[in-house]
Amino acid sequence: MEPKVNNWEFCKKPEIVVHETDLLLIGGGMAACGTAYEADRWATPEGLRITMVDKAATDRSGAVAMGLSAINTYLGENSPEDYVRYVRNDLMGITREDLTFDLGRVVDDSVHLFEDWGLPIWKKDEEGKRLDGAQAQREEMPSLRDGGNPVRSGRWQIMINGESYKVIVAEAAKLALENNRKATGVDQNHFERIFIVKLLMDQNDPKKVAGAVGFSVREHKIYIFKCKTALLGTGGCVNVFKTRATAEGQGRAWFPVWNSGSNYAMAAESGAEMTMMENRFVPARFKDGYGPVGAWFLLFKAKATNALGEDYCATNLEESRKLYGKYVDSLGTCMRNHMMMIDMKAGKGPIKIHTDVALQKLSETMSKKEIKHLEAEAWEDFLDMTIAQAGVWAANNMEPEKVPSELMPSEPYLLGSHAGCAGLWTSGPEDFGPDEYSWGYNRMTTVNGLFTAGDGVGASGHKFSSGSHAEGRICGKNMTSYCLDTKGEDVSFSEDHDELAKEIYMPMETFAKYSNYTTDPNINPHYIRPGMMQQRLQKVMDEYVGGVGTWYMTSKSMLEEGFKYLDMVKEDSLHMAAENLHELLRAWENFHRILAGEAHARHIHFREETRYPGYYYRGDFLAIDDENWKCFVNSTYDKETGEWNVFKREYHQLIP
Amino acid sequence: MPSYVITEKCDSCAGQDKTACMYICPHDLMALKEQVDPITKKVIVNPETNNPVMKAVNQEPVQCWECYSCVKICPQQAISIRCYADFAPLGGEVIPMLGSDSIMWTVKFRNGNIKRFKFPVRTVEAGSVDIFAGVGEAKADISRIKAPGLYTQHANGDPRTAITPA
Ligand SMILES: Cc1cc2nc3c(=O)[nH]c(=O)nc-3n(C[C@H](O)[C@H](O)[C@H](O)COP(=O)(O)OP(=O)(O)OC[C@H]3O[C@@H](n4cnc5c(N)ncnc54)[C@H](O)[C@@H]3O)c2cc1C
Ligand code: SF4
Ligand code: SF4
């Protein structure tokens, strides 16, 4: 096909807006909101400008848009050392222990702030009775900071009434931004509905960030941001694999369907080193609605079994030990998936979670009123964070106290904050950890001035909402420090503004130029529309990179076949056509998704073992191989040649 | 469960400062569109102004996360969710009513059963949060910028600030 060019012959050139700042926060989720809050404290008195850019409305953007019913990382009486042990255990023996420990010593502070700002946190009274956050407030129970007793659903998790969690966290971030805006005399420092497409590098130092460029999804405008330092806080990657749902339900991914791998793609293109991109998360969830299972297992003590009533984690233990040795006993999230899948593949399904038995057992010793309260708690778990599941129950006439529900492992997602660890290789704290893990500023990537947090940081999962916020705050402080240290240095990029606009609007020009060629603009030999592009990527990933279609199985030969198709997906992405700004958004999400997916496939190809059974399998190396692979797999991408350089980095155990 | 808009109820947020559902949807799904009569295929016009009637539409239902952000924010209660038809039977419905400090949920089952729940959503009134409360307005001690720990931890003397692994 002839290459596409954009000389503004068919589509109108958008206005170009240039905005200068010092700290640029890309994304407005938990991490970026944390960065805004903390940066305001350090940077504002120093006269540094902070700017936040979010593709959506920050009140309800990112993974917490719908709310959450638990804060999954609150240490309280636990030690950061134990937190490291738990994370290492769940992530099959490999984590950046310096980053994890460092997070453990700060994360509770963010939770205390959330409570100050009005997030209702469940409390336990002296008799062990559970009160919701509003009751606890009415009864004047002490706050967590003052020794209040949270309701623990597990050792690390606490229950909240989190419908407005994101609204509350965003409110604080917006106040901090407003404080900075007034102090620095800037007109605007919070931009919503702008999708950032790529980072811009310093013209004298290609390993240093100098800005970012994106476009408005509402007006025909290109936005060019110049900055001293930038945060990539754009979350994980969803919709890179074929979904289990077949039609309308495709939007019902467990992870937020709107996070499209921008964090990984923009970092890769800037030359930043990635780590553990082979890792993924395949949550076992309530079938179809993808309702969370955490509170059901931990708080309500529900059990899951196969159709014969067997606990698959007991019956499949010895068989699993053959390949996965000691890792079986730690029973991490992926191991549990693995044992569940053994039974599913053997036809012993459906796998069911016995909500009915659990609730009936709990109600045995309860008064009528208490049973009502328990029922409300059970429903709140979904209504606060996966409303779709409540809908699936209602549509199927299922009452959890009467009937069990089916469980199902979802399609894979790439993320670094939940029970997974894909992301960027970042510098650790300065006060401990080996030198090779620390090169200056805490949470700075290998690109100078470029920081990341939350889903963006690799090799340190299990941070969740609170940890992502706290990690964002670590960035806010360190970005300020970086700015102060580099005060005299000039940063600028050489990209021509018009060329950037042409590149971003290429899909608009393509549509305007060719859509009249056929009677149906969807089927046209000159281009592919973003929706179709996404389906193509998802199918390749599913079939060759271990999606649900192959029960998460892949191998060297399958991956190498897949690379051929991925290359053509990449080539064809340059022929995407966008009818309007909404579709332009979808086109750019796809550019990011494709690169994130490619990174994932390249890393899986490199790691010749099955480190995460239940998440994915290398059929040619089915076992765990600690001798050769108890290490990080890292990579860099060369955007000029399209080549990946994948290599090992040593894992250091810091906590016994 | 993609969102849908009840034609009669949507007033396109005329008179509001922004189109609420369009503003809030995290995935850019809600859009104001000209209404076309499904039977006659003609654009519906307002007889008084002669302008086409604009209403909100979920422009890409296959991408809807069913997060209910649009449902909760619509001032006309014009938006509902119909469970994803590729796996949910017809007839179930979940209806939120978001107030200033709590949310009321009505869950309607396919068989007509109804359950209602009410949960708190915040303990501090929206707009009244003071992010400087408790930790003083004092500016950060810039000499500690290289030290581990966060601003409020320093301000509150949190002992965890600088511990290293035991
Ligand atoms: C269903 C579900 C249940 C969960 N349960 C829990 C729980 O019980 N407890 C818990 O603590 N945690 C839970 N989590 C995890 C928690 O939500 C995440 O760990 C956390 O939100 C990650 O923060 P983040 O800032 O990295 O990403 P997000 O919060 O997802 O933020 C990403 C931000 O980037 C923006 N963005 C994306 N791309 C671009 C771009 N190109 N340009 C500009 N902006 C962009 C988005 O709009 C958004 O503002 C859950 C998550 C989900 C989805
Ligand atoms: S559906 Fe509701 S929020 Fe959306 S435009 Fe109509 S009235 Fe406004
Ligand atoms: S339910 Fe959520 S994703 Fe769906 S249209 Fe409404 S706001 Fe958008």
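A residue counts as near a molecule or strand if one of its heavy atoms lies within 4 Å of it. With that cut-off, 14 residues surround ligand 3, and the closest are B:Ser3, B:Cys25, B:Cys64, B:Cys67 and B:Cys70. Around ligand 2 there are 13 residues, with B:Cys10, B:Asp11, B:Cys13, B:Cys21 and B:Cys74 coming nearest.

Before going further, a word on the ground rules. This is a predicted model, where local features need pLDDT of at least 70 and side-chain atom pairs count only at pLDDT 80 or more, while totals for chains, interfaces and linings use all residues. Residues are numbered from 1 along each chain as its sequence is written, chains are lettered from A and ligands numbered from 1 in the order in which they are written, and side-chain values use heavy atoms, with hydrogens and water left out.

Back to the ligand shells. For the classes, Ala, Val, Leu, Ile, Met, Phe, Trp, Tyr, Cys and Pro count as nonpolar, Asp, Glu, Lys and Arg as charged, and the others, Gly among them, as polar. The shell around ligand 3 then has ten nonpolar, three polar and one charged residues, and the one around ligand 2 has nine nonpolar, three polar and one charged.

Now for chain B and its surfaces.

| Domain 1 and domain 2 of chain B | eleven from domain 1, ten from domain 2 | about 760 Å² | 66% |

Within chain B, B:Tyr68, B:Lys72 and B:Ala88 supply 55% of the area that domain 1 buries against domain 2, more than any other three residues.

Chain A brings us to sheets. Helices (H or I, at least four residues) and strands (E, at least two) are DSSP runs, numbered from the N terminus, and two strands pair if DSSP finds at least two bridges between them.

One open sheet has four strands in the order β18-β13-β22-β23 of chain A, with antiparallel pairing. Its edge strands are β18 (423-424) and β23 (643-650) of chain A, each pairing on one side only. Inside the sheet, β13 (residues 274-275) is joined to β22 (residues 631-638) of chain A by two bridges, and A:Thr275 stands opposite A:Asn634 in β22(A). Between β22(A) and β23(A) there are eight bridges; here A:Phe632 has A:Arg649 as its bridge partner in β23(A). Four residues lie between these two strands in their hairpin, where A:Gly642 takes a positive phi near 75°. Helix α20 (residues 581-606) of chain A lies across β13, β22 and β23, running at about 55° to β23(A). That angle is taken between N-to-C directions, on a scale from 0 to 180 degrees, using axes fitted to C-alpha atoms, for helices over the stretch in contact.

A second open sheet, also antiparallel, runs β14-β17-β16-β15 in chain A. β14 (284-286) and β15 (304-305) of chain A each have a single partner strand, so one side of each is left without a neighbour in the sheet. β15(A) pairs with β16 (residues 352-353) of chain A over two bridges, with A:Thr305 opposite A:Lys352.

The peptide bond from A:Gly349 to A:Pro350 is cis, with omega near -5°, and A:Pro350 is in the loop between α12 (333-345) and β16 of chain A. A:Leu331, in the loop between α11 (327-330) and α12 of chain A, has a positive phi near 50° though it is a residue other than glycine.

Technical notes:
Contact = heavy atoms within 4.5 Å. Buried area = accessible area lost by both parts, 1.4 Å probe.
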